[in-house]
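Me: I'm new to this one. Can you show me the structure, and then we'll talk through it?

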Amino acid sequence: MGRGQRQEQKPGRAPRRRLRATYHRPSGVRHLFAAYELGEDKLYGHIKPRKTRARFLEFCRYLRSLYPPSVRIAIICGNFSPHLSTATDTRVWFWAEANTTEIAYTPSNCSWLNRIEAQFTALRYFTLDGTDHSSHREQASMIRRYIIWRNNHAYDERLRRIITRANVA
C-alpha cells in the first residue's frame, strides 16, 4: 500500500466522495426512536423513515410488549411534536390508559432531565462521529450494532466515562 493511501481504498480506484450530513441527502433522513431502561441499563431503538404519531405509538406498543401487562410502565418523552400528541390526537392517551402506561414529558427547557440524552452522546461518539455512511442501511446497521454492543458492555470504562460526563453537563 502506497504512502498516504487509506487502507479501505483500492489501488487504481478513486476515493468515495464524502457525504456530509448537513448537505444533500437524496434519500432524505432517518429517525431513531429510542428508549432507555434505567433499571436494567438497556437501550432500545428503532430506525424509521419518518417520525409521526403513528410511528411513536408503534414504538410505545413495542416498549409495552417488553413487560407483563400487570406491570405499570412510564415512558418519559422529550418535547418533539409526535410525542406531544395527547393534546391534539388522543390515540396515544387512550392507548396509554388502556395499557397501564404513563407518558410523562420533560419540561421544554430541561432536556438534560431525560436520562437518555447521555446515551445519545455515547451513540454519537461510538457510531457517528467522523463517519460518512454511504447509505441509510449502512448507518442503521452501525446504530443497531452499537445498541447491541452497548447493552452487552454496559459497564465498559470508556462508555461509562462518556455517559458520566454527558450527565454532568
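This is a predicted model: local features need pLDDT of at least 70, side-chain atom pairs count only at pLDDT 80 or more; totals for chains, interfaces and linings use all residues.

Me: How many salt bridges does the structure hold?
Reply: Five.

Me: OK, take aspartate 41 and arginine 150. How do their side chains meet?
Reply: They meet in a salt bridge, at 2.6 Å from N to O. The two residues come from distant parts of the chain, 109 residues apart. Aspartate 41 is in the loop between strand 1 (31-37) and strand 2 (42-48). Arginine 150 is in helix 4, residues 136-152.

Me: Is aspartate 41 buried or exposed?
Reply: Aspartate 41 is buried, because its relative accessibility is 8% and the cut-off for buried is under 20%.

Me: And arginine 150, buried or exposed?
Reply: Buried as well, at 0% relative accessibility.

Me: What about aspartate 41 and arginine 160?
Reply: Their side chains also meet in a salt bridge, at 3.1 Å from N to O. Arginine 160 lies in helix 5 (residues 157-168) and aspartate 41 in the loop between strand 1 and strand 2, so this pair ties together parts that are 119 residues apart in sequence.

Me: How does arginine 160 count by accessibility?
Reply: As partly exposed, with 24% relative accessibility.

Me: Which residue does arginine 158 form a salt bridge with?
Reply: Aspartate 156. Their closest N and O atoms are 3.9 Å apart. That counts because the cut-off is within 4 Å. Arginine 158 is partly exposed, with a relative accessible area of 42%. Aspartate 156 is partly exposed too, at 21%.

Me: Which residues do shared partners join into one network?
Reply: Asp41, Arg150 and Arg160. Salt bridges with shared partners link them.

Me: Why can side chains pair like that at all?
Reply: Side chains of opposite charge can pair when their charged atoms come close.

Key. Residues are numbered from 1 along each chain as its sequence is written. Side-chain values use heavy atoms; hydrogens and water are left out. Helices (H or I, at least four residues) and strands (E, at least two) are DSSP runs, numbered from the N terminus. Buried means under 20% relative accessible area, exposed over 50%, partly exposed in between (1.4 Å probe, protein chains only).
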